[in-house]
Amino acid sequence: MKRIAVLVSGGGSNLQALLNAAQNGQLPHGQIALVVASKPGVFALERAQKAGVPATVVARKSFANTAAFDAALLEELQKENIDIVVLAGFLSIIGPAVLAAYPGKIVNVHPSLIPAFCGDGFYGLKVHEAALARGVKLTGATVHLVNEITDGGKILLQKAVEIKPDDTPETLQKRVMEEAEWQLLPKAVAMLCAGEM
């Protein structure tokens, strides 16, 4: 049974998708063992508490530099014997110490079809704003392995979502989450836990 840590920075809707998948038996080889939030008071922490999952806060601004933050994050992961790390709307950059400790074991969900609208500065609504501004007809979500390049790791799963003429960044974000992110992320995590990726 692989022990999973889910790293969050906000509401935790992707965390909820994982918690639901676990509850429904869709993560047979994995257990969500820890939730780490990048700031206190985020709703994702309430989701963890409600699900009975241990949670902690490792706030980037509490540390003098990225290396200190990275070390503190790694300490929390190792304390809980974490095997797989899932970035679910985690807005802090993962540093070299954590990357080195979990090669091929850190996954992220990104709200576009990589290589479109990804990399530094593309997160949250900014991704959907860029897709609409560009006039593309399809967007979607990508689950990929995390390496030292922002959104640059090996792609595991992708799903396309149609853009509608009256979409706003907010309506598009919601549809991409519902139709792609919440489906792909649990599936990729289950496959990673089963050693299929």
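Mentor: Start with one residue. Histidine 128 touches Pro111, Pro169, Leu172, Gln173 and Val176, leaving aside residues up to four places away in sequence. Contact here means heavy atoms within 4.5 Å. Before going on, note that this is a predicted model, where local features need pLDDT of at least 70, side-chain atom pairs count only at pLDDT 80 or more, and totals for chains, interfaces and linings use all residues. Residues are numbered from 1 along each chain as its sequence is written, and side-chain values use heavy atoms, with hydrogens and water left out.

Histidine 128 sits in helix 5. Helices are DSSP runs of H or I with at least four residues, strands are runs of E with at least two, and both are numbered from the N terminus. Is histidine 128 buried or exposed? Its relative accessibility is 1%, so it counts as buried. The cut-offs are these: buried is under 20% relative accessible area, exposed is over 50%, and partly exposed lies in between, with a 1.4 Å probe and protein chains only.

Now turn to helix 6. The axes of helix 5 (residues 125–134) and helix 6 (residues 169–193) come within 9 Å and cross at roughly 110°. Therefore helix 5 is roughly perpendicular to helix 6. Axes are lines fitted to C-alpha atoms, for helices over the stretch in contact, and angles run from 0 to 180 degrees between N-to-C directions. Under 35 degrees is roughly parallel, over 145 roughly antiparallel, 65 to 115 roughly perpendicular, and the rest oblique.

Which residues meet? From helix 5 come Leu125, His128, Glu129 and Leu132; from helix 6 come Pro169, Glu170, Leu172, Gln173 and Val176. This contact divides into 5 nonpolar, 2 polar and 2 charged residues. Ala, Val, Leu, Ile, Met, Phe, Trp, Tyr, Cys and Pro count as nonpolar, Asp, Glu, Lys and Arg as charged, and the others, Gly among them, as polar.

Last, the end of the helix. Glycine 135 follows helix 5, and its phi is positive, near 80°.
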